[in-house]
Amino acid sequence: MADLAFDPKAVEQLSPPLVTGQPSLHDVTEAVSIHTELETHRNWYIALAISGSITLLLGSMLAYLVATGVGVWGNNNPVGWGWDITNFVFWIGIGHAGTLISAILFLFRQKWRTSINRFAEAMTLFAVACAGIYPLVHVGRPWRAYWLFPIPNADLAMWQNFRSPLLWDVFAVSTYATVSAMFWYVGLIPDLAIIRDRATTKLRHTIYGIASLGWRGSATHWKNYEKAYMILAGLSTPLVLSVHTIVSFDFAVSIIPGWHTTIFPPYFVAGAIFSGFAMVITLMVIARWVFKVEHLVTMTHLENMNKVILATGTIVGYAYATEFFIAWYSGNEYERFTFINRAMGPYAWAYWSMVSCNVISPQFFWFKKLRTNIPFMFVLSIFVNIGMWFERFVIIATSLHRDYLPASWGYFRPTIVDILTFFGTFGLFITLFVFFTRFLPIIAVSEVKGMMIQTEHEKHYLPATTAGSPESVRAH
Amino acid sequence: MADHSSIHGVVADFSSPDTLLDAVKAARAQGYTKMEAYTPFPIHGIDEAMGAKPSILGYIVLCGSATGFTTAVLLQWWTGTIAYPLVISGKPLFAFEFGFPVMFELTVLLSAFAAVFGMLGLNGLPRLSHPIFNYSGVAGSSDDRFLLVIEASDKRFDANATKDFLASLGAEKLEVVEA
């Protein structure tokens, strides 16, 4: 039976190994836990000093904004939404890849996700934290931000308007942040227990013991845990699609030319996944090298992500083309003007930066040589991030800067506060990562182990099962 | 039968999920019912082997979903039509169409809360102290060891006989654990 025309090499080519070098289960525990246990490296302090300073810059910019008013930004008539909403959509979009990897790929039984999901989920949380800053501070009086929520209170003396997409957005983003945080923490519980069990000091044992809630890894625990994980994945999948759909409603439900289109929800979701995967590549290329987990986050993982970037980048390019076609086909002169102005008006530089980064650059990933080349994919992923930032900027600025009356035309210029605030959010993002990579396992250890055992079993049984259908064996 | 009140059970330490699974099946065949396995990752088929019932978490989550959906409908209907009717362009004060996004989000939010807290509740967590932590090799159960505990509360439990039985199943280490 087993010696049928079964060629392990051919199988390996079809589904390359997700963990290379055949480590034992203990090796995996070791590789993932060790970076939380070693003496703090000097470079860690250097990284924290740099990113922490940038975060302080963000804090001071926000303090200045709150103390002075939204006028410190470049937002003004007619461009009432500027970098604040651009950056909000940019950050929230980045988060979506994390949920896609953790939830959607889980439901599709994509085993390759196990090595990268923890990291990608962390990215989601930190990106949502950066995104959340903007809607809170751009309301003008952030100390009244609780008015966004339907909380009975005496000083507002009225209720929210549930017909407004901006209110839907409050619900979507806060639900997304909460559910992502819970999903991430649930995934962490068994791995925190690993660090607890390896602890050499009483203090460490206590802290990780409390954080892991006393997890024992009993069969009963795992039974309920797997169920909870699957339900959370099932909930997060429509959730992530709904969040960017609702973010796009902020635009699409208005009647501004260039915003009022039905293509926005799918186009925003594809763009979000596109930018998020690019961010995962940017971060993962660095992390797998710094933490020496190249055998767990292999070229297969990177290549798969690059394929997703290629696919979603192509969808985004197609959406750009469709927008133009519909603008012409609608016969609406304002709509036509907006799009011609986008490509040839004062913001043409931004539009064409967007097109080159988002439409042209991912096409290089058709070539296997390029999508498996680490320096190349690193640079390209940064291009994609720049391009996706420009996409949001182009959508917001070009649609607003030409009002119906030429007397109210304008041009948006960011102020130094705009620029430093945006720069500062990267500081916050990286600082959170610096803490995450120091104190928590960056790879979902128990999931990787389960995947290794399962793969081993499948290999073991493969010859027997293929024997059942001789045609499929001969086909190789 | 001896008094086992100070004993939690006998721990058998296995090196692979397959030997553990075989041991669970053998223990069931022997008539043991009160047992628990401790493993670094979920082992498929172990619940069936142990005769455990499927998780009821799904029903808890369903209650969460229903609560979330109802809350969202009532919240939007009551605030919009009773508490603070706001007439805008002659649009209806309440409609399912515009209410849908919030209904969806609250349904997901409360379902997720039910899933997480329901899971913790069913697992009896947080609970920082448990007899299994008295086992000298417990750290292995989150690394690369697979433990089977036959608990003292089992009718057939007898420290020595149970220990001998588990040894015959290929356990690499055996220990009687205090409660």
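Author: Here's a walk through the loops, chain by chain. This is a predicted model, where local features need pLDDT of at least 70, side-chain atom pairs count only at pLDDT 80 or more, and totals for chains, interfaces and linings use all residues. Residues are numbered from 1 along each chain as its sequence is written, with chains lettered from A and ligands numbered from 1 in the order in which they are written.

Start in chain A with the loop between α3 (42-68) and α4 (83-107), where Pro78(A) sits; helices here are DSSP runs of H or I with at least four residues, strands are E runs of at least two, and both are numbered from the N terminus. The peptide bond from Asn77(A) to Pro78(A) is cis, with omega about 0°.

Ala157(A) isn't a glycine, yet its phi is positive, near 55°.

Leu213(A), in the loop between α7 (202-211) and α8 (219-252) of chain A, is another non-glycine with positive phi, about 60°. Leu213(A) counts as partly exposed, with 18 C-beta neighbours inside 10 Å.

Over in chain B, a cis peptide bond joins Leu125(B) to Pro126(B), and omega there is about -5°. You'll find Pro126(B) in the loop between α4 (96-122) and β3 (146-151) of chain B.

Terms used: Buried ≥ 20, exposed ≤ 12 C-beta atoms within 10 Å, placed from the backbone.
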